[in-house]
Amino acid sequence: MNVILLLLGLLSPYFSASPQQEPAAAAWLYPQPPVVQSFEHSVNISPYIGSFNSLAGVSLYMPLEELLQVKGSPLEVTPDPWQGCQEYHYADMSAGICEGAVLYVHVTPMEARQYGLYLNDQRIEPHKNNLAQLLGTPDFVAEDGDVYMRGTTALKIYRNSQTDEWDGIDLFDGNSS
């Protein structure tokens with residue numbers, strides 16, 4: 001007899017209604033909200049230019065050979081009195097060449113008006129004062145202009161102290177100056 005009671009005890013879950021079946025009917029009557037993930041992936045979309053890779057199509061530390069392939073022969077090569085290097089002048093920009101590589105890139109307002117000004121292949125127009133929209137707040141404000149840093153790379157917008165109009169723009173390694 002004990003064996004029969006033991007068998008009935010073991011087999012009783014198979015003969016009775018499962019408690020999980022009742023909520024299933026309730027779930028059918030009351031729609032459940034969709035599953036929500038417990039984590040989110042967010043893309044940090046910033047309206048600002050997040051890095052300074054190139055100015056006027058020239059990147060920092062670009063080898064001289066590559067500069068000549070990209071820009072061609074310079075209009076003029078002059079000594080750079082500040083760095084002790086050579087400055088290669090083109091119609092749309094100038095590049096400081098030290099030890100066979102680009103150390104800085106400089107663009108004047110006249111060059112920018114005539115040829116356009118491209119930062120990371122994106123057109124910028126400093127004469128329209130739209131730089132705050134593209135670059136954000138300057139990291140440093142100097143007497144002669146505003147400096148924006150992205151990592152170790154710096155972009156300086158030179159300003160005329162009397163008119164506050166931009167006088168030039170430089171791309172350079174912030175650690176080298």
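**Strands, a disulfide and a buried glutamate**

Strand S9 (residues 140-142) pairs with S10 in the antiparallel sense, over three bridges. This is a predicted model. Start at this pair and follow the chain onward. A hairpin of two residues carries S9 into S10. Look for Ala 142, which stands opposite Gly 145 in S10.

Now take S10 itself, residues 145-150. Is this strand mostly covered or mostly open? It is mostly covered: five of its six residues are buried. Side chains in a regular strand alternate between the two faces of the sheet.

Strand S11 (residues 153-159) runs antiparallel to S10, and six bridges join the two. Arg 150 marks one point of the pairing, standing opposite Thr 153 in S11. The hairpin of S10 and S11 has two residues between the strands. Gly 151 in this hairpin takes a positive phi, near 70°.

Next, the cysteines. How many disulfides does a search of the whole structure find? It finds one. The disulfide joins Cys 85 to Cys 98, with an S to S distance of 1.6 Å. The angle about the S-S bond is 115°, and the link is right-handed. What does the pair tie together? Cys 85 belongs to strand S4 (residues 85-89) and Cys 98 to strand S5 (residues 94-98), so the link ties parts that are 13 residues apart in sequence. Cys 85 has a relative accessible area of 14%, so it counts as buried, the cut-off being under 20%. Cys 98 is buried as well, at 13%.

Last, a charged residue. Glu 111 sits in helix H4, which covers residues 109-115. Is Glu 111 buried or exposed? Glu 111 is buried, yet it has no salt bridge. Which side chain of opposite charge is nearest? That is Lys 71, and it is 9.5 Å away.

Key:
Residues numbered from 1 in each chain as written. Predicted model: local features only at pLDDT ≥ 70, side-chain atom pairs only at ≥ 80, totals over all residues. Heavy atoms only, no water. Helix = DSSP H or I, 4+ residues; strand = E, 2+ residues; numbered from the N terminus. Buried < 20%, exposed > 50% of the residue type's maximum accessible area, 1.4 Å probe, protein only. Lys, Arg positive; Asp, Glu negative; His and termini not counted. Salt bridge = Lys/Arg side-chain N within 4 Å of Asp/Glu carboxyl O. Disulfide = S-S within 2.5 Å. Pairing = 2+ DSSP bridges.
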